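Here is a friendly walk through strands, rings and a ligand site. Have the viewer ready and follow along.

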Amino acid sequence: MAEELKKTALSDVVSITYITNENAVFKREGDFLSLNVKLPEGVGLDGEATGGEKYFDRIYLHRSFPYEHPYKYISVLDRDSAEIGIISDVDEFPDDIASMLRAELDRKYYAPVIDKILSVKERYGYSYWEVISDGRKLSFNMRDTFRNILKVSPEHVFLNDSDSNRYEIKNTEALDRKSFKRIELYL
Amino acid sequence: MGERAALTSRLCRINKDVSADDVIVAFAFDLPREGYGVVDGFVAVTTERVYVYEDDRLTADYDASGITEYIFTNGVGCVFAECVYNGEHIMLCRASMSHKDTIAAIIWQLTRRLERGTYSYAYEEDTDVKCPTCGRKYPPGSHVCPHCTAKSGYLRRIWQIAKPYRAFIFFSIALYFVSSIVQLIPPRLNRILVDDYIRVDGAYELSFTQTFIIGFVTVVLSILGVNILQRVIGIVRGLTLIEAGTRMTVALRSMVFDKIQQLSVSKISKRTAGELMNRVTDDTNQLQNFIKNDIGGFFEQVLIFVAVAGILFFYDWKLALVILVPAPIVVMANRIFHQKMRRMFHRQWVMNSRSNTILHDIFSGIRVVKSFGMEHREMERYDDATRHECEAQITAETFFAKFSPLMSFLMGLGEFFLLYYVGDKIIGGTMTLGQMQEFTSYVTIIYGPLRWLSNFPRRYERTMTSVVKIFDIIDEDVDVSDKEDATELDIKGHIEFEDVSFGYDSGNNVLHNINLTVEPGDFVGIVGRSGVGKSTLINLVMRLYDVDDGTIRIDGVDIRDISQSSLRSQIGVVLQETFLFSGTIYDNIAYAKPSATRDEVLAAAKLAGAHSFIMKMPDAYNTHVGERGHTLSGGERQRIAIARALLHDPRILILDEATASLDTETEKQIQDALQILSQNRTTLAIAHRLSTLRNATKLIVLDKGTVAEVGTHDELMRRRGIYYGLVMAQRQMSRMSQ
Ligand SMILES: Nc1ncnc2c1ncn2[C@@H]1O[C@H](COP(=O)(O)OP(=O)(O)OP(=O)(O)O)[C@@H](O)[C@H]1O
Ligand SMILES: [Mg+2]
């Protein structure tokens with residue numbers, strides 16, 4: 001190719017479509033969000049023209065870094081799971097829209113926060129957990145504690161039960177002593 | 001009663017307007033529409049309306065005729081049932097992952113019902129499975145409730161498996177009995193020796209008679225004899241148990257292994273290779289060790305304990321009490337100590353396996369590490385892990401060093417009481433030295449079984465864990481199984497997909513409504529974007545998975561009616577990920593046809609364009625290709641895999657990107673060879689490089705999980721659809737690179 005040798009940054013070659021308050025209007029329609037967006041003109045994979053003003057009657061939001069940035073780098077997808085664009089930070093939108101987006105995300109990502117661990121019993125390779133979350137007692141079981149306890153950081157962990165429900169412990173060290181003792185073995 | 005029936009009657013109770021006959025389906029959900037918490041809700045779909053109830057309150061209802069679409073959506077940690085009602089997206093409910101499979105299946109059937117008016121309840125067999133005792137759902141893929149299964153049930157089954165070896169086991173238990181009795185003899189002999197022959201009162205001269213000497217020698221010889229007897233019993237017992245244990249392990253292993261082989265790919269891929277390896281090796285080993293060391297040991301120790309306790313009480317019950325009273329405390333302390341120890345060692349073990357994982361990662365990815373210059377960072381990572389491991393080890397060892405002497409002290413505590421008590425008696429003249437020695441020996445003996453038995457429950461528990469895991473696999477349903485009257489079909493090569501839908505994961509259909517026909521002798525090219533489901537389609541033809549819906553027929557016969565061995569023996573595949581077994585090149589080519597002659601192997605290799613590069617190697621066909629054939633290049637591996645498939649001489653040949661790693665020249669040669677070969681067999685070929693498919697008699701374009709276009713190259717080009725776009729894009733690319 002006859003391009004001159006010059007240093008190119010990744011961002012010169014690939015452009016990420018960002019969805020911002022300037023080019024997009026999110027609306028609540030029915031129980032979900034719709035999107036009206038003005039995308040930069042371009043050529044798609046099959047050679048068709050893309051971009052321009054588009055309307056999606058139902059969009060999906062997906063976190064790029066669910067553990068680190070729950071409200072940043074949000075991918076906006078259409079019904080075929082094709083990405084329309086990315087929201088770099090939900091808070092760049094006006095409050096009413098930001099809170100709508102947050103609510104949509106919170107509804108999709110469900111992981112009760114564990115405040116207290118009442119008991120952990122192991123039997124035949126399964127462990128049975130009783131925990132308090134949000135003032136409510138929950139019990140679940142887990143198949144392989146080694147693989148189903150995910151450590152995002154040394155203190156921040158997610159538990160996956162055998163149905164693949166998720167539970168979150170935001171800070172293991174902030175748990176009461178007894179609770180911590182019960183989970184310590186698995187950390 | 002199934003969930004549907006239960007909810008239907010609940011609905012009819014709350015809502016008098018609904019008749020049970022009108023209810024199509026009802027399903028439960030457990031999450032509020034937003035936020036956290038638990039609700040007891042259900043959705044009921046009747047012929048007229050769709051109702052949503054939360055805690056028996058009607059929260060929404062829709063006119064069924066206004067619903068044009070049902071949608072199942074995966075959240076993260078929850079799922080949604082949705083519908084399109086009068087053009088608007090409506091959320092029917094949100095539920096936890098525990099309801100996922102049920103709701104996904106129901107939404108799929110409701111979609112079917114909208115499309116063609118049918119509704120099948122077949123899914124209830126899979127989704128409506130709960131433990132009848134506790135109501136918990138079975139763990140995925142299992143039909144055993146880990147919570148409720150009684151250990152005794154498993155023991156009985158182990159006993160069944162042990163049937164051929166029962167004689168061995170009984171014999172060794174008998175030997176344990178004998179040996180525990182023999183163990184009780186030496187203290188007795190010692191006492192005789194001390195009291196009758198080694199006098200402390202110095203009255204030897206009177207006693208040096210012939211009878212004295214004979215007696216003395218007899219006692220000494222008896223001690224020797226008992227000792228020898230003990231060893232001999234030990235050896236025989238060991239041999240018997242090793243025999244029984246090993247044979248049983250082998251039997252169990254092959255049971256587990258056979259089962260794993262029978263399981264479908266989908267069941268197997270739910271578990272990791274490491275997990276399956278554990279089942280076959282570690283868990284069976286655990287059982288073997290238990291049989292070898294613990295079953296007989298248990299009887300032995302109990303017997304010794306009872307016998308010695310009996311002897312002690314018989315001699316002097318007060319003394320026996322003094323010794324036995326602290327025993328429970330000592331046993332408890334011992335248990336606590338070991339529990340604590342176990343936790344610590346477990347921690348150390350976790351740390352150890354973590355640092356091992358890092359090491360394993362670094363070594364297997366050494367090229368990546370080096371080529372990115374990350375040695376230093378990896379070293380730090382490993383250092384960090386080993387430091388943690390070291391800390392855990394120090395904590396554990398320190399604890400052990402501190403408390404284990406204390407435990408020994410506690411264990412010996414009874415002996416201190418004894419010393420005081422006995423000393424008093426000897427001074428008082430009511431006990432001889434020999435009696436004292438006998439007594440103290442028994443006391444020492446009695447603590448052995450106590451210690452042993454206090455750790456027995458843990459070993460038993462651990463073994464049962466292994467046993468349960470083993471049976472978890474053995475009991476697993478074979479989902480892709482042969483029917484009893486499965487036919488052996490002589491395949492001609494006609495393939496037909498009728499309305500086939502399939503997803504690896506419920507609620508996520510990879511393929512839907514696939515309809516296509518392939519005539520015998522067709523060379524069919526399958527094209528489409530990466531991830532569209534091309535490999536999935538051929539997996540279905542091989543019946544590595546069963547379709548969720550619809551039928552695949554070969555020569556007009558549903559492939560579920562064809563025996564799997566007959567089906568697969570007539571299909572040859574070159575998979576996208578070429579896998580070479582560790583062995584020689586020859587072994588790898590001849591894999592699917594061990595009876596092949598050398599000439600055939602040579603011919604296949606030649607046809608696959610592999611012969612020339614194989615002959616460049618010093619050991620030619622005997623070259624050993626280790627671990628996945630990493631010493632070969634990608635293209636070389638592919639050609640070996642092609643040779644393997646060709647040698648197999650299949651009626652249906654499947655090529656999944658089989659020539660993708662080859663240069664165009666080599667590819668063309670192979671293609672031409674294949675072209676000749678494929679004249680009387682059906683070939684399904686997947687390729688991204690469209691030129692690969694220029695010989696295809698028919699092209700199938702997959703898009704969005706379904707067949708978008710079918711036709712010859714020319715037809716599709718004229719149509720100017722997706723295929724046209726793909727060709728144009730590739731032409732443009734090759735023009736650019738020229
Ligand atoms: N064993 C599996 N379990 C779960 N999902 C799978 C599995 N295998 C494939 N998938 C998913 O199914 C979809 C189709 O995969 P498939 O391998 O059939 O694609 P493909 O068309 O062969 O793509 P490629 O051209 O890249 O080989 C993908 O989204 C993939 O992630
Ligand atoms: Mg593929």
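Glu54(B) stands opposite Arg57(B), a residue of β4(B). Around this couple, β3(B) and strand β4 (residues 57–63) of chain B run antiparallel and are joined by six bridges. Two residues separate the strands of this hairpin, and Asp55(B) in its turn has a positive phi of about 45°. Strands here are DSSP runs of E with at least two residues, helices are runs of H or I with at least four, and both are numbered from the N terminus; two strands pair if DSSP finds at least two bridges between them.

A word on the ground rules: this is a predicted model, where local features need pLDDT of at least 70 and side-chain atom pairs count only at pLDDT 80 or more, while totals for chains, interfaces and linings use all residues. Residues are numbered from 1 along each chain as its sequence is written, chains are lettered from A and ligands numbered from 1 in the order in which they are written, and side-chain values use heavy atoms, with hydrogens and water left out.

Another hairpin of chain B joins β18(B) and β19(B), again with two residues between the strands, and Lys704(B) takes a positive phi near 50° there. Strand β18 (residues 698–703) of chain B is mostly covered, with five of its six residues buried, where buried means under 20% relative accessible area, exposed over 50% and partly exposed in between (1.4 Å probe, protein chains only). How do β18(B) and its partner strands run, parallel or antiparallel? Strand β10 (residues 523–528) of chain B is parallel to β18(B), whereas strand β19 (residues 706–711) of chain B is antiparallel to β18(B). Five bridges join β10(B) to β18(B), and Val524(B) has Lys698(B) as its bridge partner. Five bridges also join β18(B) to β19(B), with Leu702(B) and Val707(B) as bridge partners.

Now for the rings. Rings of Phe, Tyr and Trp (its six-membered ring) pair if their centres lie within 6.5 Å; planes under 30 degrees apart count as stacked, over 60 as edge-to-face and the rest as tilted. The count comes to 27 aromatic pairs over all chains. One of them is tilted: Tyr110(A) and Tyr36(B), with 5.2 Å between centres and 40° between planes. That pair crosses between chains, from the loop between α2 (95–108) and β7 (116–123) of chain A to the loop between β1 (23–29) and β2 (41–46) of chain B. Tyr110(A) counts as buried because its relative accessibility is 8%, while Tyr36(B), at 41%, counts as partly exposed. Phe42(B) and Tyr53(B) form a stacked pair, 5.1 Å centre to centre with 20° between the planes. Phe42(B) belongs to β2(B) and Tyr53(B) to strand β3 (residues 49–54) of chain B, eleven residues apart. Both are buried.

Trp452(B) belongs to an aromatic cluster that also includes Phe456(B) and Tyr460(B). Arg459(B) lies over the face of Trp452(B), 4.6 Å from the ring centre; a charge sits over a ring if NZ of Lys or CZ of Arg is within 6 Å of the ring centre and within 35 degrees of the ring normal.

| Residue | Atom of the residue | Distance to an oxygen atom of ligand 1 |
|---|---|---|
| Val532(B) | backbone N or O | 3.3 Å |
| Thr536(B) | side-chain N or O | 2.4 Å |
| His688(B) | polar side-chain atom | 2.8 Å |

How values were computed
Polar contact = N/O pair within 3.5 Å; in protein donor to acceptor, adjacent residues only side chain to side chain.
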